[in-house]
Structure formats: C-alpha cells, structure tokens
Amino acid sequence: MRNIRATREFPLALRLLLFNQFGIDIGFYLLLPFLAAYLEQGLGMSAALVGFVLGARNLGQQGLFILGGSAADRLGPRTVIITGCALRTVGFGLFAFGNSLWLLLAASVLTGLAAALFYPAVRTYVALESGDRKAEAFALLNVYATIGSLLGLLLGSVLFLADFRLCAVVVAGVFGVLTVAQAMVLPTSGAAPAGPSASVLGDWREAFCNRRFLLFCLATTGMFTMENQLYLLLPEGALRASGWKGAAGVLLAAGAIANMLFQLRITRALGRNGGGTRWVSSGLVVMGVSFLPPLLVCGTEPPGSTREAVARMAVMVASSVMLFFGIMVAHPTAMEMIPGFGRESLTGTYFGLFYVFSGIAATAGNAVVGRTMDLGEQFGMYWLPWVCCLAFGLSSAGSVALLFRSGMLPVLPAPSGAPVAEGPVVAQPAAGGSGAAIVKRAAGPVVPMAPTGPTSGQSPQGPTAALDPTGSAGDGLRQQDAARLPGPARATDDAADQPPL
C-alpha cells in the first residue's frame with residue numbers, strides 16, 4: 001500500500017511509466033529466459049546459432065544505449081519511449097510467428113534496439129519530470145521492475161510448458177497495449193533545449209570528456225557485476241547447497257518481497273539522514289558482504305535430509321536478501337546522481353553512456369566470476385567466486401567513498417520539506433550582503449550559488465541552487481532548467497484521491 005500511495009502522488013504520466021516498467025519486465029522475463037531452450041529444442045538450432053541469435057540481441061542493446069540517450073535529448077523522451085515500446089511489440093511478434101533464422105535474428109535485433117531506446121528515454125523522462133523527488137521515483141521504478149521480473153519468470157515457467165509461441169503472443173500484446181497507452185497519456189513535448197554543441201558527436205565528446213562522470217561510471221562497475229550474480233552465482237550456489245532445482249526462484253522471490261516492503265522506506269530514511277549520496281558506498285559494502293554467508297555451505301556434500309537442505313537454503317536466502325538491501329540503498333541514488341554530472345539537455349546522453357558502461361561491466365564481471373567458478377570447481381576452492389564478488393563490492397565501495405570525500409559527486413537537492421545536508425558542504429553568506437551564498441566543499445572548489453532571497457526566483461516547493469558550470473565542458477554541475485515544472489509535493493494520507501493506473 002505504501003508503494004501504491006507513493007505512486008499516486010506523482011503525475012499521471014510518471015505513474016504510467018512506472019506501470020510501464022512493470023509490464024516491460026514481465027514481458028522480458030516471461031520470454032527471454034526461455035528463448036534459448038525454444039531455439040534449441042523447439043526449432044532444432046545448433047548451440048552456435050542459438051548463441052548467435054542471443055548475442056545479436058545483447059550487442060544491439062548494449063552497443064546502442066548511447067544512441068537511445070542521444071535520441072531522447074534530440075527528439076524528446078516521449079517519442080523515443082513510444083518508438084522503443086512499439087519496436088518491442090514487433091520484435092516479440094516475430095518471435096511468435098517466425099521460424100527461419102533471418103526472422104528470428106531480426107526479432108532479436110529489434111528487441112535489443114527497443115531496449116536501447118526505451119531504457120535511457122524512460123530514465124530521462126523520470127529525471128526531468130520528478131523534480132526534487134528523483135530518488136523516490138527511481139526507487140519506485142526499481143520496485144516495479146523487480147516485481148515484474150519475478151512475475152514474468154513465474155508466468156513464463158507455466159506458459160513455456162504449454163507453448164513458447166503463446167508466450168510471445170502474450171508479450172507482444174502487452175507491449176502493444178503499453179505503446180497505445182503511452183501515446184495517449186504521455187504529454188507532448190519538444191526535445192530538450194539545444195546546448196552549445198551543434199551535433200550528436202559534440203554531445204558525446206562532452207560526456208566522454210567529463211572526468212567526474214567517467215570516474216563515477218568506473219567506480220560503480222562492481223554494483224552491476226554483483227547484481228548480475230542473482231542470475232549466475234547465487235542460483236548455482238543454491239542448487240549445489242540444497243540439491244533443489246527450484247532454489248533460484250526462492251532467492252528471487254525473497255528478494256522481490258523485501259524490495260516491495262522496504263525500498264521506499266529505505267530511500268526516504270536515507271533522505272532524512274544526510275541524503276542518499278553519502279550512503280551509496282555503504283550500500284555497496286552490504287552488497288559485497290552479502291556473498292559471505294554462502295561460504296558456510298559452499299563446497300559441501302549434497303544435503304542428507306530435508307532439514308539440512310532447508311537450513312542451507314536459509315543461508316542462501318539470507319545472502320540474496322542482503323544483496324537486495326544493498327541494491328535498495330545504492331541503486332536509486334546512483335541513478336539520481338547521473339543527471340547532475342552535466343547539462344540538463346544532455347540527460348539522455350549521460351544515461352545512455354552510463355548504461356553502456358554498466359553493460360560492459362556486467363559482461364566482463366560475469367566472465368571473471370564464471371572463470372573463478374571454473375577454477376574453484378577444478379581445484380576444490382569453492383570459496384573463490386564468493387570472495388571475488390566480495391572484492392568487487394569492497395573495491396567499488398571504496399572508489400565511490402573516495403569520490404564523495406573529494407567532492408566529485410553532484411550535490412543533490414534535498415526533498416521538499418527536508419533540510420539540505422548532502423556531504424561535507426557548508427553554505428556561507430557572500431560578502432557585501434548581496435544575499436548570494438557560496439558552497440565550500442571539502443577538498444573541492446568553491447562553487448557560487450544563486451541568491452536565496454525572494455528575488456532569486458526560488459520555487460516555493462523548496463530551496464534550489466542554480467549552479468553555474470565552470471571549467472571544462474560537461475565537467476561542472478548542470479544548470480537547472482527554470483522552465484521545468486517542479487516535482488509534486490508529497491501528498492498527505494488524506495489528500496484527494498487519484499485514480500490508479
């Protein structure tokens with residue numbers, strides 16, 4: 001109920017995008033985890049051809065995220081969101097009715113391209129329209145995505161037993177409905193304001209030359225590697241420890257329930273205690289430490305009784321829930337910070353580039369973890385992959401903490417009604433009684449802030465600081481767009497009821 005009430009506090013367009021994320025993840029996990037088995041068993045493809053089809057989807061998605069982000073900046077996120085969802089409808093429809101290699105390859109490429117367009121555009125829309133409640137909006141996006149992925153896996157495991165083509169038809173129908181709903185509900189808006197760069201290449205150059213942003217992307221690579229172990233290391237460990245093939249589903253279900261119950265509470269609690277920026281490294285530590293409990297049961301013989309299997313599963317569930325708690329702390333704030341690294345008109349480009357880095361990190365990290373799993377099996381060092389993931393978490397946490405202490409992370413606005421307390425920042429009045437203020441950041445430059453008096457054009461929603469970017473292109477804090485409507489103030493429990501989506 002807390003999540004539903006918080007969702008209804010946002011405008012209808014944002015509520016649709018949250019529900020859209022729910023439907024997208026249901027469709028994805030309803031079909032894609034079972035695609036390889038369908039291609040191999042249903043159509044008789046060789047393992048090489050199956051890998052080729054699946055690889056085309058992954059390459060189309062990871063390699064084109066930056067294009068999707070730039071399209072959101074140039075064309076407006078609404079257009080790109082609708083286009084991405086429509087392409088997914090076509091792609092999954094081809095999976096339902098295509099049985100030749102070329103049709104299936106086209107379907108795979110289309111679904112990858114659709115994701116590359118859809119994900120950066122949705123994040124851009126949420127970041128631009130949620131005002132000073134970005135962290136809550138991204139937290140809810142995380143909740144809906146997690147629940148959608150779990151329901152998708154459950155539904156897919158049932159429908160796949162009947163017919164894979166039926167799964168594809170259902171998914172294409174869901175995406176078709178979402179496409180029409182987005183075209184009807186999302187307000188028409190133009191592209192983001194044009195910036196100094198006159199070309200897409202100029203936008204990319206500005207983002208790639210943003211040293212603070214690149215360091216942040218590198219520092220958070222461990223987060224995505226650890227997240228992906230929900231589908232690689234943890235299921236394998238649970239199967240080995242319990243001897244039960246359904247163990248992976250239990251881990252995901254436990255994490256989804258924890259996410260649904262605690263994500264919004266955690267995000268709001270962090271906002272009341274100094275803001276999420278100072279807690280990102282703590283979340284990464286929790287994610288890393290979550291790989292320690294399986295050391296108690298890894299490498300053991302198969303369970304001798306049901307009681308022993310249940311006890312071992314309890315250990316693995318605890319590990320999964322800890323990992324989800326770390327994600328709940330770190331992920332929404334990491335997403336909230338991304339637009340703060342550059343100009344508002346390049347929000348989509350920054351999200352697209354961040355997803356490119358995260359995709360590369362997840363692929364490379366999975367390769368490393370997979371190698372340690374093989375070595376652990378070969379030499380009897382079953383603890384090796386778990387310790388490897390712990391190292392990923394601690395190194396990523398240390399890197400983010402160093403960026404925070406050196407003042408290289410964006411200063412996020414406090415939520416409405418909450419005091420501004422983000423990192424080691426001290427505001428002091430400027431000399432001369434001009435009403436302006438300066439921000440002194442530990443080990444960082446002095447950044448001028450807009451006047452705080454009534455003549456500064458400050459929104460009644462809460463204090464905002466128009467930070468003037470200086471230095472190299474894209475390396476300063478972004479100028480806030482005064483034309484943007486502020487995010488909704490948090491509604492009270494007895495506020496006027498709004499119809500849910």
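Residues are numbered from 1 along each chain as its sequence is written, and side-chain values use heavy atoms, with hydrogens and water left out. Because the model is predicted, local features need pLDDT of at least 70 and side-chain atom pairs count only at pLDDT 80 or more, while totals for chains, interfaces and linings use all residues.

Two packed helices are described by the angle between their axes and the distance between the axes. Helices here are DSSP runs (H or I, at least four residues), numbered from the N terminus. The axes of α2 and helix α9 (residues 164–185) come within 10 Å and cross at roughly 165°; axes are lines fitted to C-alpha atoms over the stretch in contact, and angles run from 0 to 180 degrees between N-to-C directions. α2 is therefore roughly antiparallel to α9 (angles over 145 degrees). Their crossing is left-handed, a term used if the near helix is turned anticlockwise from the far one by less than a right angle. In this pair, residues of α2 including L12, L16, F19, G23 and F28 meet residues of α9 including F164, V171, F175 and Q182, where contact means heavy atoms within 4.5 Å. By class, the α2 and α9 contact divides into 18 nonpolar, four polar and no charged residues; Ala, Val, Leu, Ile, Met, Phe, Trp, Tyr, Cys and Pro count as nonpolar, Asp, Glu, Lys and Arg as charged, and the others, Gly among them, as polar.

For α8 and helix α14 (residues 247–272), the axes come within 9 Å and cross at roughly 170°, so these two helices are also roughly antiparallel to each other. Among the residues that make the contact are E136, N142 and L150 of α8 and N259, M260 and R268 of α14. This contact has 12 nonpolar, five polar and two charged residues.

Helix α11 (residues 211–219) and helix α18 (residues 384–405) have axes that come within 8 Å and cross at roughly 155°, which makes α11 roughly antiparallel to α18. The crossing of α11 and α18 is left-handed.

Turning to open space, the largest pocket holds about 1700 Å³. On a 1 Å grid over the protein atoms alone, a pocket is an open set of points with protein on both sides within 12 Å along at least five of seven lines, a cavity is a set where a 1.4 Å probe fits but cannot get out, and lining residues have an atom within 4 Å of a point. Grid points are joined across faces, edges and corners, and a volume is the space filled by probe spheres set on the points. The pocket is lined by 43 residues, and F28, Y29, Q61, N228 and Y231 are the closest to its centre. Helices that each supply at least two lining residues include α2 (12–31), α8 (134–162) and α17 (347–379), and the largest share, eight residues, comes from α8. The lining divides into 24 nonpolar, 14 polar and five charged residues.

The structure also holds two cavities of 30 Å³ or more. The second largest cavity has about 30 Å³ of space and is lined by F10, L14, L18, V126 and A137.

Key
Angles under 35 degrees count as roughly parallel, over 145 as roughly antiparallel, 65 to 115 as roughly perpendicular and the rest as oblique.
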